[in-house]
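Work through the exercises below with the sequence and the model side by side. Each task is followed by a solution in steps.

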Amino acid sequence: MMICAPVITIDGPSGSGKGTLCQAMSQELKWNILDSGAIYRILALLILHYQVDISSEKAIISLASNLDVWFLFQNGDLKVMLKRVDISVKIRSQIVSDLASRIAALPCVRGILLNLQRSFRKWPGLIADGRDMGTVVFPDTPLKIFLDANLEARTYRRMLQLHKNGVNANFNELLFQMKERDERDCNRSVAPLMLKDDVLIINSTYIPAQKVTEIALDYVRKKLI
């Protein structure tokens, strides 16, 4: 019987620190990494680039079925690669983020991308960042973390990330947009963001990133013993 590689799932809303935690854990454990949100962002970027009608499921499925996506660490940063092109910055704009949230609610899109996400499960292990990693994509793993923070803290972090990428963002406008996204993610009919009983909950509102990483690693190491 084939034994699957272990998976750590890290779910939570936008701006809770999932990406930072995934990268820190990946560097510590030397495991592979999956930024599932980046996959939806890439699809959104392509839809915008090719001016695809979002109501055309056929066209969107065609794009989603041919994504060549991979991730790599370079100079301490996670690079999101589409084929051989680094699109890490391009997919972080607010317009891409909003569209990614909208298409993530489409059952046809989630169905196509499910197998792509599961293909990242390779030895020595995978750390998967998303909103339905522990509930839908890798429900069999015992290593599940839900990372949360209050809306204001998450908005501030998102604003700093956009500023770092050269994108100007207004806090109040961003707060409204993130609140709307939270509602979409939690209320969509397919794979909504939700809590399960078998998950470690970490609220990162007032906890430094390094401490969050320590809590998560301690949890994982105890589970792996």
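**Record and model**

The unreviewed UniProt entry places the feature "domain: Cytidylate kinase" at residues 8–221; UniProt positions are given in the numbering used here, feature names are shortened, and annotations may be inferred rather than shown by experiment. This is a predicted model, in which local features need pLDDT of at least 70, side-chain atom pairs count only at pLDDT 80 or more, and totals for chains, interfaces and linings use all residues. Residues are numbered from 1 along each chain as its sequence is written, and side-chain values use heavy atoms, with hydrogens and water left out.

**Exercise 1**

Describe the make-up of residues 8–221 and the distance between the ends of this stretch.

Solution. Step one: helices (H or I, at least four residues) and strands (E, at least two) are DSSP runs, numbered from the N terminus.

**Exercise 2**

Solution. Step one: Lys18 belongs to helix 1, residues 18–29. Step two: buried means under 20% relative accessible area, exposed over 50%, and partly exposed in between (1.4 Å probe, protein chains only). Lys18 has a relative accessible area of 7%, so Lys18 is buried. Step three: a contact means heavy atoms within 4.5 Å. Not counting residues up to four places away in sequence, Lys18 touches Ile10, Asp11, Gly12, Pro13, Asp129, Gly130, Arg131 and Leu147. Step four: Ala209 is 191 residues from Lys18 in sequence, while their C-alpha atoms are 9.9 Å apart in space.

**Exercise 3**

Find the largest pocket and state which elements line it.

Solution. Step one: on a 1 Å grid over the protein atoms alone, a pocket is an open set of points with protein on both sides within 12 Å along at least five of seven lines, whereas a cavity is a set of points where a 1.4 Å probe fits but cannot get out; lining residues have an atom within 4 Å of a point. Grid points are joined across faces, edges and corners, and a volume is the space filled by probe spheres set on the points. Step two: the volume of the largest pocket is about 1,100 Å³. Its lining has 43 residues, and Gly19, Thr20, Gln23, Arg92 and Gln161 are the closest to its centre. Step three: elements that each supply at least two lining residues include helix 1, strand 2 (32–35), helix 2 (36–49) and helix 9 (209–224). Helix 1 has the largest share, six residues. Step four: Ala, Val, Leu, Ile, Met, Phe, Trp, Tyr, Cys and Pro count as nonpolar, Asp, Glu, Lys and Arg as charged, and the others, Gly among them, as polar. By class, this lining has 13 nonpolar, 16 polar and 14 charged residues.

**Exercise 4**

Describe the second largest pocket by volume, lining and class.

Solution. Step one: the second largest pocket has a volume of about 290 Å³. Step two: 13 residues line the second largest pocket, with Leu46, His49, Tyr50, Leu82 and Lys83 nearest its centre. Step three: helix 2 gives the most to this lining, three residues. Step four: the classes are eight nonpolar, three polar and two charged residues.

**Exercise 5**

Trace the salt bridges around Asp185.

Solution. Step one: a salt bridge is a side-chain nitrogen of Lys or Arg within 4 Å of a carboxyl oxygen of Asp or Glu. The whole structure has 12 salt bridges. Step two: Arg181 pairs with Asp185, with the closest N and O atoms 3.5 Å apart. Both lie in helix 8 (residues 171–187), four residues apart, about one turn of the helix. Step three: Arg188 also forms a salt bridge with Asp185, at 3.4 Å from N to O, and Arg188 and Asp185 are both buried. Step four: a network of salt bridges links Arg131, Arg181, Asp185 and Arg188.

**Exercise 6**

How many cavities of 30 Å³ or more are there, and which residues lie closest to the centre of the largest cavity?

Solution. Step one: the count is three cavities of 30 Å³ or more. Step two: the largest cavity holds about 130 Å³ of space. Of its 15 lining residues, Gly37, Tyr40, Ala104, Arg131 and Arg181 are the closest to its centre. Step three: helix 2 supplies the largest share of this lining, four residues.
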